[in-house]
Amino acid sequence: MRTHSRRSLLGAGMAAAGSGLLTSTGAYALDTRNGRHRHHSHHTPPPPDSHDGHGSHGSAPAGYVSPDGPEVIKAERARGSGPVRRFSVTASEAQFDMGGQVVDTWAYGDLLPGNEVRVKAGERVAMTLHNRLPHSTTIHWHGVQIRNDMDGSPDVTQRSVKAGASFDYGFAVDIPGTYWFHPHVGVQLDRGLYAPFIVEDPREPLSYDHEWVVMIDDWLDGVDGMTPDAMLDELNKDKPGGAGGHSEMQRVGNRAAAAAVARMRRRARHRKSDDPSDNIEYPFHVMNGRVARDRETFRAKPGDRIRIRLINAAAGTAYRVALGGHNLTVTHIDGYPVQHKDTDSLLIAMGERFDVLVTAKEGVFPLTALSAGGNNQTAQALLRTGSGDAPDDKIRPTELRSGGLSADKFKAASSVRLSNRTPDRTIKLDLTGNMDDWDWAINGKPYSSTARYPVEQGERVRLTFHNTTTMWHPMHLHGHTFALADGGPRKDTTIVLPDKEVSVDFDADNPGLWMLHCHNVYHSESGMMTVMGYKSQR
Ligand SMILES: [Cu+2]
């Protein structure tokens, strides 16, 4: 079962405009380092106030593994050389109807979410990205233990793909699970640029009749002229060297953004301490690209077992999720199996994934995602197994009352439990910054693409996050799956609550330069991001 995406209102018109770009003159220089950039036309350069490049252009420090170095190639060979599966995706401008309001945005293949990419563990992915956006972009494969030069981190693992250019991503996948992909440039994640990446297990131990992939997202792009870039500028405007000059479109966007930011800051000052997020007040929340009043319906028969793959693709919102009238049996978190546990609801942070099994009852049931904190809005879809009226699109299933089980309440399945071992290295990461200055950082240092926290291949590494801020942060490490303490689940993204310390362990077995950042994109793009680098052993 594919994700139920919706098609852009622009459709064929955009395809024609896209091919027009191809015939314009000029060529983007080949990236000589990895040679994977294609020669295509050069489109307009990014606007001068774009957030590309992160303001750091120093040369990379010596003594570290190169993203396409021999260590990386060796690790990639160990992932196998199964059949190659070919895909392509075009990132372009698109339009969607959000329950009566048409928004301009950017999307993959004119669809929201983009078409699912589904392969089997042991296969190799060959995915060509055609960039028809008015800005450079990349694809990051969230959660995948990927070869470093395919990780999509601009200025660290690759140069971003210019407007009008293409890039061939090619990599082997050896670990099944629920993943997703999105850009890693600026705040593009908060547009419509996301899609599921599902790696099936050739020896799937679970049995079920249907699969339902559900992506949950918060939405502001194109609403009242707002854009994620205008929102980021507004949040950073009090910082020295913050927002610069703006086009007329961005000034319009900034008025809407300014109002939303003012509301958010006002609310944050009256926030309860157990409120898990400092949400921007998003005008919409969508499930598989649809607002609640235009919700998707998933059809099955009573008694069917359904595997639901829940993916939080939001830029700034955690969700409490429940299926009315049903228990959820959690089988996987962040792609990895956990000891099965039943719950009535889940708390899912940005970037996290939960796989659940449900046995469908007879009737019509709301799958509801309630924004945690913020303005308590909902996204919704329906499970229909019989006749009857659909519930109100604003209904809050009673299952949500428990507040939602978070990932730290689970244990890893024995098959993926990290062995006991004393860490060879502990990296202390104080999460710093505050809401008024919007000066998010790690150990007081805002992001620089040349920063490195060193590790050595073969080490057991412990990351100790200490949240010194009043906000919570879902911290994400690229290229690895760490373990929470005491046999906790394997994860790539973990919530760190205010004033709390969380330690996670992993084996350094995937050489390269890896981003480590908060998955609130307005925190990471404002500085809460750094790079973990494998020391070169030559
Ligand atoms: Cu954060």
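Where in the chain does D110 lie? D110 sits in the loop between strand 3 (101–108) and strand 4; helices (H or I, at least four residues) and strands (E, at least two) are DSSP runs, numbered from the N terminus. This is a predicted model, in which local features need pLDDT of at least 70, side-chain atom pairs count only at pLDDT 80 or more, and totals for chains, interfaces and linings use all residues. Residues are numbered from 1 along each chain as its sequence is written, and side-chain values use heavy atoms, with hydrogens and water left out.

**Confidence**
- The protein chain has an average pLDDT of 87, and 84% of the residues score at least 70; pLDDT is the predictor's confidence in each residue, from 0 to 100.
- Over residues 12–57 pLDDT stays under 50.

**Backbone geometry**
- D110 is not a glycine, yet its phi is positive, about 60°.
- At 10% relative accessibility, D110 counts as buried (under 20% relative accessible area; exposed is over 50%, partly exposed in between; 1.4 Å probe, protein chains only).
- D224, also not a glycine, has a positive phi near 55°.
- D224 lies in the loop between strand 11 (210–219) and helix 3 (228–236), and at 55% relative accessibility it counts as exposed.
- The L112 to P113 peptide bond is cis, with omega near -10°.
- P113 is in the loop between strand 4 (111–112) and strand 5 (117–120).

**Copper site**
- H473 (ND1), C518 (SG) and H523 (ND1) are the protein donors of the copper ion, lying 2.0 Å from it.
- Donors are N, O and S atoms within 2.8 Å of the metal (3.2 Å for Na, K and Ca); water is not among the atoms, so sites may look incomplete.
- The donor spacing in sequence is H-x44-C-x4-H.
- H473 belongs to strand 26 (residues 473–477) and H523 to helix 5 (residues 521–524), 50 residues apart.
- Both H473 and H523 are buried.

**Nonpolar cores**
- The largest nonpolar core has 96 residues, of which W141, F197, M231, L463 and Y522 touch the most other members.
- A core is a set of buried Ala, Val, Leu, Ile, Met, Phe, Trp, Tyr and Cys residues joined through side-chain atoms within 4.5 Å.
- Another core, of 38 residues, lies apart from it and includes L347, M350, F354 and I495.

**Strand 19**
- Six of the seven residues of strand 19 (residues 353–359) are buried, so the strand is largely enclosed by the rest of the structure.
- Strand 14 (residues 305–312) pairs with strand 19 in the antiparallel sense over seven bridges; pairing requires at least two DSSP bridges between two strands.
- Strand 16 (residues 328–333) also runs antiparallel to strand 19, joined by four bridges.

Terms used:
Contact = heavy atoms within 4.5 Å.
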